[in-house]
Amino acid sequence: MWKTFSLVWAASLVIALINRFTLPFNEQADALIGDGDGILSIVTALAFFGVLFAMFVAVMIFIIQRFYRGLLGDEGYLMNTLPVPTWQLVLSKLICAVFVSIASMLITFLACLILVPIQWDKVFSLVFIRELWEGLFGQPDALLYLFEMCVMVALGLALLILMVYLAMAVGQMFSHRIVMSVVAFIGLDILATLYLDLTNDLELPGLVSRLGEHAGLWMANAMILLPAAALFLATSWLLKHRLNLE
């Protein structure tokens, strides 16, 4: 993973720092842009957004490629003979995929902070931001709220990634793997929509809101964890009992 993402992560931060001095956010930028034509700022801005786009393309390719090559392709002849259960192989791929996704999101956020010269004293002087900040950290369990939200983000990413994994596990059983994987993903997306409709029909979002802040967040996490666990178990079962290596 480090070999794959170290360059693009570092490039996004470096180009963001360059854009901080070339984009006309302040009076200093005029000296660096040159004659006010803005060519340098346009080039560096395009480079910045190009690197961010390349980062998220690399994340998607990494998620698909490492699972497919590692468990369903040539590498699968080695990976599937390791003395570990199949579910651990799937879990190792899932952990790496979630980690890379979250790390890329954090790098993007950090790059945006570097890009824009934010004057934090003015930001926190705004009434809304000040009240939000005081209300959040005025609570003794603010860190617990933050942890619960991070868990929700991680579970949401895991759910989406497991949909991709199960679609590929279904597609590998057919001769036209790519086509059937796409069809399987569309089917899983339809099932996910039906699941959301079912939760709305059962008025589960209203129940979650009545449980209280922490209980409601954990209930919401459980609603994400349930389909994610089903997808994980289905993927592991297919790879153990219906594996068709290239």
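In which helix does Leu194 lie? Leu194 belongs to helix 9, which covers residues 177-201; helices here are DSSP runs (H or I) of at least four residues, numbered from the N terminus. The structure is a predicted model, in which local features need pLDDT of at least 70 and side-chain atom pairs count only at pLDDT 80 or more, while totals for chains, interfaces and linings use all residues. Residues are numbered from 1 along each chain as its sequence is written, and side-chain values use heavy atoms, with hydrogens and water left out.

| Residue | Relative accessible area | Class |
|---|---|---|
| Leu194 | 49% | partly exposed |
| Glu75 | 35% | partly exposed |
| Arg66 | 26% | partly exposed |
| Phe5 | 0% | buried |

Glu75 and Arg66 form a salt bridge, with their closest N and O atoms 2.9 Å apart; the term requires a side-chain nitrogen of Lys or Arg within 4 Å of a carboxyl oxygen of Asp or Glu. By this rule, the count is 1 salt bridge.

Phe5, in helix 1 (residues 2-22), touches Met55, Ala58, Val59, Phe62 and Val100, leaving aside residues up to four places away in sequence, where contact means heavy atoms within 4.5 Å. Phe5 and Phe62 are 57 residues apart in sequence, and their C-alpha atoms are 9.6 Å apart in space.

Conventions: Helices (H or I, at least four residues) and strands (E, at least two) are DSSP runs, numbered from the N terminus. Buried means under 20% relative accessible area, exposed over 50%, partly exposed in between (1.4 Å probe, protein chains only).
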